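Please look over the model below before reading my notes. The points are brief and can be checked one by one.

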Amino acid sequence: MTLHRIALEDFALDPALGNFPEASPAQRLVLRLLDGLPPADREQRRIFERIAGRPWGEDLLDPRRIIALVMGADSGKSLVAALHLLHRSLFSDLSGLRPGQRGVALLVAPDTRLDSIPLSYVKGIVGTSDLIRAEVETETAHSVKFARGTEITVLPASIGGRAVRGRRFVGAVPEEVAFFLDDSYRVNDVEIVRAIRP
């Protein structure tokens, strides 16, 4: 059975796919914003206004290439990251890829301890969803490749973004950017994002 494109929120909540039906209104709002959708109801609009410091407006309907989320411990950010990367891997438009080129859904983390959390969520979702598992080509310690020509991979937050260059991204999640440090122990998150953006 082939998966058909659905919204990230629907993908996340579906017990046969993302299996995250307990998502809070704030988490559901984040899923919608990542997918370029407006808040679903009055409660989500209130949450958005509290977070953004302004009311939701039609000017925000254009999809954003970069969304920065500041989320605390146990806020569900790693699970949301995993769902986003899975969704991008399974449903991104690949028409711009050259023959043999893979679309990469990238997770960048400061170290292997932190990258293992969202990647474990990805593998857990794949392992419990027959529909998603049927799309998997191979799985390694640091990646999951899909038959459609995409992969979710984990790379380190290298100095100047060297590790992430030279790939075609269908999505990217820099995780825990406050801990992306250069050789002088300064945060170098801007360099990583610059390397990913093209």
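The notes below take up the fold, the aromatic pairs and the pockets.

1. Basis. This is a predicted model, in which local features need pLDDT of at least 70, side-chain atom pairs count only at pLDDT 80 or more, and totals for chains, interfaces and linings use all residues. Residues are numbered from 1 along each chain as its sequence is written, and side-chain values use heavy atoms, with hydrogens and water left out.

2. Elements. The chain has seven helices and five strands. These are DSSP runs numbered from the N terminus: helices are H or I with at least four residues, strands are E with at least two. Their order from the N terminus is α-α-α-α-β-α-α-β-β-β-β-α.

3. Of the 198 residues, 42% are buried (under 20% relative accessible area, 1.4 Å probe, protein chains only). Among contacts (heavy atoms within 4.5 Å) with a separation of 6 or more, 61% join residues 24 or more positions apart.

4. Aromatic pairs. There are two aromatic pairs. Rings of Phe, Tyr and Trp (its six-membered ring) pair if their centres lie within 6.5 Å; planes under 30 degrees apart count as stacked, over 60 as edge-to-face and the rest as tilted. Phe-11 and Phe-91 are edge-to-face, because their planes stand at 85 degrees, with the centres 6.0 Å apart. Phe-11 lies in helix H1 (residues 8–13) and Phe-91 in helix H4 (residues 77–91), so this pair ties together parts 80 residues apart in sequence. Both Phe-11 and Phe-91 are buried. Phe-48 and Trp-56 also form an edge-to-face pair, at 5.2 Å centre to centre and 80 degrees between planes. Both Phe-48 and Trp-56 are buried.

5. Largest pocket. Its volume is about 1400 Å³. A pocket here is an open set of points on a 1 Å grid over the protein atoms alone, where a 1.4 Å probe fits, with protein on both sides within 12 Å along at least five of seven lines; lining residues have an atom within 4 Å of a point. The volume is the space filled by probe spheres set on the points, which are joined across faces, edges and corners. Of the 43 lining residues, Arg-65, Ile-67, Ala-172, Val-173 and Pro-174 are the closest to the centre. Strand E5 gives the largest share of this lining, seven residues.

6. Second largest pocket. Its volume is about 350 Å³. It has 17 lining residues, with Val-30, Ile-51, Leu-69, Val-70 and Met-71 closest to its centre. H2 and helix H3 (42–52) each give two or more residues to this lining.

Key:
Buried means under 20% relative accessible area, exposed over 50%, partly exposed in between (1.4 Å probe, protein chains only).
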